[in-house]
Amino acid sequence: MTAQGVTTDFKRIGNPERAGQMQRFFKTAPGEYAEGDLFLGISVPDIRAYEKAHRPWTVKTLALLLERPYHEVRHLALIGMTELYRRTRSEEVREELLASYLSHTAMINNWDLVDVSAPGIVGKYVHAHPIEGNPLLDRLADSSSLWEQRIAMVANWRLIRYGEYEATIRIAERLLHHPHDLIHKAVGWMLREMGKKQESLLFAFLDKHAATMPRTALRYALEKLPSDLRSYYLSVQMKKIIRPRQI
């Protein structure tokens with residue numbers, strides 16, 4: 001299957017009404033974070049079914065798909081890259097996939113595209129190559145790109161599954177006071193996932209940062225804790241917010 005063939009198929013099976021709904025949901029209007037992105041109106045299950053039915057994919061074809069203007073075509077490319085990275089036994093192919101992924105981060109330009117791919121590509125790479133991988137996470141976190149910063153945070157989901165938490169804490173602290181809500185959500189989400197595995201590490205992070213971290217990040221991090229602990233950490237932050245008004 002060629003990149004042009006995929007694009008033609010997706011244009012044919014797309015749903016214009018659904019496309020309009022998706023463009024609003026994924027914030028594509030002028031001034032929004034995904035300004036100008038184009039949707040065809042295809043569901044994720046249908047994208048996954050198409051990707052599976054048309055295997056095997058080459059790295060070259062997936063890279064070409066990732067350059068297409070349509071969101072769902074790029075979504076397919078990222079699912080294909082993640083699956084190929086998982087299934088291949090060739091380190092050379094994995095290196096090609098990682099290089100292609102990192103050279104196309106401008107096209108991985110929404111939270112769903114990051115979340116479907118960062119753990120299975122960047123996260124797996126960091127796990128297998130920690131000496132090279134951890135500086136990569138730091139570089140992505142320090143990028144001026146919102147999407148590279150989210151990649152740096154969400155890639156840790158794979159590391160958490162492997163029982164590796166140092167990078168999660170390091171990148172969360174690095175991005176903790178980021179101005180964008182999408183990063184607050186990613187930070188809180190990864191802290192919550194870490195807490196499911198190592199509650200003591202989550203408590204240590206919250207004891208250090210709960211009073212000053214963004215409210216959204218805190219709420220996401222607390223989501224799986226008992227209600228009394230959620231109330232406690234939220235009250236710590238509320239006191240921090242309210243105190244200046246009482247002076």
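A salt bridge is a side-chain nitrogen of Lys or Arg within 4 Å of a carboxyl oxygen of Asp or Glu. Between domain 1 and domain 2 of this predicted model, the count of such bridges is zero. Local features need pLDDT of at least 70 and side-chain atom pairs count only at pLDDT 80 or more, while totals for chains, interfaces and linings use all residues. Residues are numbered from 1 along each chain as its sequence is written, and side-chain values use heavy atoms, with hydrogens and water left out.

**Overall form**

- The chain has 15 helices and zero strands, taken as DSSP runs (H or I, at least four residues, for helices; E, at least two, for strands) numbered from the N terminus.
- The C-alpha atoms of the chain fill a box of roughly 65 × 45 × 30 Å along the principal axes.

**Domains**

- An automatic or database domain assignment divides the chain into domain 1 (1-114) and domain 2 (118-246).
- The C-alpha centres of these two domains lie 26 Å apart.
- Their contact (heavy atoms within 4.5 Å) takes 15 residues from domain 1 and 19 residues from domain 2.

**Interface**

- About 1500 Å² is buried between domain 1 and domain 2, and carbon and sulfur atoms give 73% of this area; buried area is the accessible area (1.4 Å probe) that two parts lose on being put together, summed over both.
- In domain 1, Tyr33, Tyr85 and Val114 lose the most area to domain 2, together 36% of what that side buries.
- The helices α5 (71-87), α6 (91-103) and α7 (111-128) each supply at least two residues of the side of domain 1 that touches domain 2.
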